[in-house]
Amino acid sequence: MTSSPPGSDLDTIVSRTRHLLLDFDGPICSIYAGLPAVTVADRLRKLFGDHIQLPDEIARTEDPLEVFAYAATLSEDLAARVEAEMTDQELSAVATAAPTPYVHEVVTACQNSGRSVAVVSNNSAVAVHSYLARHGLDDRIPLVIARTNHDPALLKPSPHLITQAVHALNAESGECALVGDSVTDIQAARFASVQSIGYANQPGKRERLTAAGAGAIINSLADLALTLRAHVVNP
C-alpha cells in the first residue's frame, strides 16, 4: 500500500526536505526483535525494590521508556540507575535487532538526491551507534542525536532532540522532516516546527499518526525511497 492520498502529501514534504531525520526504533530497526521489550521493562522494574508500589499502568507496561519516565518522578538517583540499566539492555538488544525493510534504500536515496540523514532517537546514543556500525550505516549516517543522560524530559515528545539535530545540521527547521512511527515522534516534530512523515508499520498506527498531525503517512519505507529519488535537491 502506498501513501494516502497517493503520494501528494509525501511529494510535497520530500520536495521541501534537505535533511531527513529518522527515528531509530521503527524506521531503522526493530530494536527489541530478539530481546522483548517486556523483558527489558521487567528488568527495569526490579530496580525499584519491593518497598515501592508501582501504579498499575507502570506495573503492566511493556515500554521500558515508560518505566524510566516513572523512575524520574521518584528520585534522580533511581532515574540514573534505571537509565544505565536500560542502556545496557539496549546495547544487548541491538545484537538481535531486525533491520527495517528498505531503510538502506532510503539512506542511499538521500545520498543520491543530495540530502543528509540523521538519527533522532529516545534510545541511548551508544546503542544507536553500535547498531549503525554493526549494519554498515555508521559512515552513511554521520549524525546521531539520542539519549545521553537520565532526564526523560529531554526525550520526545519534547522538541529538544530534534532542535539539537537541526542546529547540528546548520539547517532551517522547515527543510527538515522526521520519519517516526509513534505519536510522540509526530508531536515532537510539530513542537520543533519540522515536517513529519508517519511510518504506519502496524495496524492502527495510520489512524493514530494521522490524528497526531503527521504530514504524510507511509506503510513501507519503499514509498519514501522512491519519492526521494524522484525529487533531487537543487544545489
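1. At the start of helix α11, a side-chain oxygen of serine 220 comes to within 3.0 Å of the backbone nitrogen of alanine 222. A polar contact is a pair of N or O atoms within 3.5 Å; within protein, one must be able to donate a hydrogen and the other to accept it, and residues adjacent in sequence count only if both atoms are side-chain atoms. Helices (H or I, at least four residues) and strands (E, at least two) are DSSP runs, numbered from the N terminus.

2. The model is predicted: local features need pLDDT of at least 70, side-chain atom pairs count only at pLDDT 80 or more, and totals for chains, interfaces and linings use all residues. Residues are numbered from 1 along each chain as its sequence is written, and side-chain values use heavy atoms, with hydrogens and water left out.

3. Helix α11 spans residues 221–230, and seven of its 10 residues are buried, so the helix is largely enclosed by the rest of the structure. Among the buried residues are Leu221, Asp223 and Thr227. Buried means under 20% relative accessible area, exposed over 50%, and partly exposed in between (1.4 Å probe, protein chains only).

4. Seven salt bridges are found in a search of the whole structure. A salt bridge is a side-chain nitrogen of Lys or Arg within 4 Å of a carboxyl oxygen of Asp or Glu. One of them joins aspartate 77 to arginine 81, with the closest N and O atoms 3.1 Å apart. Both residues lie in helix α5 (residues 76–93), four residues apart, about one turn of the helix. Arginine 81 is partly exposed, at 38% relative accessibility.

5. Glutamate 83 is buried at 11% relative accessible area, and arginine 147 is buried at 3%. Arginine 147 also forms a salt bridge with glutamate 90 (3.1 Å, N to O). Glutamate 90 lies in helix α5, 57 residues from arginine 147, and is likewise buried.

6. Serine 158 lies in the loop between β5 (143–147) and α8 (160–168). Serine 158 is buried, with a relative accessible area of 17%. A polar atom of its side chain is 3.1 Å from the backbone nitrogen of histidine 160. Not counting residues up to four places away in sequence, serine 158 touches Ala153 and Ala188, where contact means heavy atoms within 4.5 Å.
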